[in-house]
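Please look over the structure shown here before reading on.

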Amino acid sequence: MLQSAPITSSIKRHWHSFLDATSHFVAPRRHDTPQAHSAASLRRSDIMESLDLDCDAVIVMIGQRLDRERDWILRQHAAVLQVPSLSDIQSTWINGQKISHLIVQIDYFGGIWEVFDELRRIRNTLPELPVVLVSYDFAQDDFRCERLALCDASLRAPVGLASLEFGLTEAANVNNPAWQTRLRDLQEAETRTII
């Protein structure tokens, strides 16, 4: 009997050290309460360090299920405007504010083919407007230049904060200038061909 007590306490010690070690890998469950949401909104990890927006600019969002992305953008003290349709985008200004980015949730419209013509119109008439597409159908986030005819970045839903920040930054600073150059070169080539 006297020997079983040290074995039990030894097992308990090992069990507790195991639990302590695993606690670093498992996040505690958080109950979604209003206090949890307000505390989460103040976390340092919700800050987008690389997103640089003009104070008078607005990010326009089209589509449903973009609430989390809208909340993240609002935490950056950026203006967000939700509009119902791509046909509302006729210039790079809306309601007296310059549009810094256009985020389109294409599943809202039924997929890429349903908005293909409108996206092409926007890309050709407003090439300086960075466009970010969001869809559950995308296999992964894509920040490359293969889809420049339709967008500057595409994000797989559900979108993570890091992906959103990188997508908005890459779209505006890298891919959109590349699109403008590509479009300008195509127009110059067409002009030379006609002459």
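## A briefing on the predicted model

Val-159 is buried, with a relative accessible area of 1%, which places this residue below the 20% under which a residue counts as buried. The model is a predicted one, and the points below are grouped by topic.

**Around Val-159**

- Val-159 sits in the loop that runs between strand S6 (153–156) and helix H5.
- Leaving aside residues up to four places away in sequence, Val-159 touches Arg-68, Glu-69, Trp-72, Val-134 and Leu-164.
- Tyr-136 lies 23 residues from Val-159 along the chain, and the C-alpha atoms of these two residues are separated by 9.2 Å.

**Helix H3 and what covers it**

- Helix H3 spans residues 67–75, and its buried residues are Glu-69, Trp-72 and Ile-73.
- Because these buried residues fall within an arc of 95° when seen down the axis of H3, they line one face of the helix.
- The elements that cover the buried residues of H3 include strand S1 (57–62), strand S2 (79–82), S4 and H5.
- After H3 comes His-77, a residue whose phi is positive, near 60°.

**The chain as a whole**

- The chain contains five helices and six strands, and read along the sequence these follow the pattern α-α-β-α-β-β-β-α-β-β-α.
- Of the 195 residues in the chain, 36% count as buried.
- When contacts between residues at least 6 apart in sequence are considered, 61% of them join residues at least 24 apart.

**The largest pocket**

- The largest pocket has a volume of about 300 Å³, and its lining is made up of 18 residues.
- Asp-52, Leu-53, Ser-100, His-101 and Ala-172 are the lining residues that lie nearest the centre of the largest pocket.
- Strand S4 (97–105) and helix H5 (161–194) each contribute at least two residues to the lining of the largest pocket, and both S4 and H5 are also among the elements that cover the buried residues of H3.
- Sorted by class, the lining of the largest pocket holds eight nonpolar, six polar and four charged residues.

**Cysteines**

- A search of the whole structure for disulfides finds zero.
- Cys-145 counts as partly exposed because its relative accessibility is 27%, whereas Cys-151 is buried, with a relative accessible area of 2%.

Conventions:
Residues are numbered from 1 along each chain as its sequence is written. This is a predicted model: local features need pLDDT of at least 70, side-chain atom pairs count only at pLDDT 80 or more; totals for chains, interfaces and linings use all residues. Side-chain values use heavy atoms; hydrogens and water are left out. On a 1 Å grid over the protein atoms alone, a cavity is a set of points where a 1.4 Å probe fits but cannot get out, and a pocket is an open set with protein on both sides within 12 Å along at least five of seven lines; lining residues have an atom within 4 Å of a point. Grid points are joined across faces, edges and corners, and a volume is the space filled by probe spheres set on the points. Helices (H or I, at least four residues) and strands (E, at least two) are DSSP runs, numbered from the N terminus. Ala, Val, Leu, Ile, Met, Phe, Trp, Tyr, Cys and Pro count as nonpolar, Asp, Glu, Lys and Arg as charged, and the others, Gly among them, as polar. A disulfide is a pair of cysteine sulfur atoms within 2.5 Å. Buried means under 20% relative accessible area, exposed over 50%, partly exposed in between (1.4 Å probe, protein chains only). The arc is that of the directions from the helix axis to the C-beta atoms. Contact means heavy atoms within 4.5 Å.
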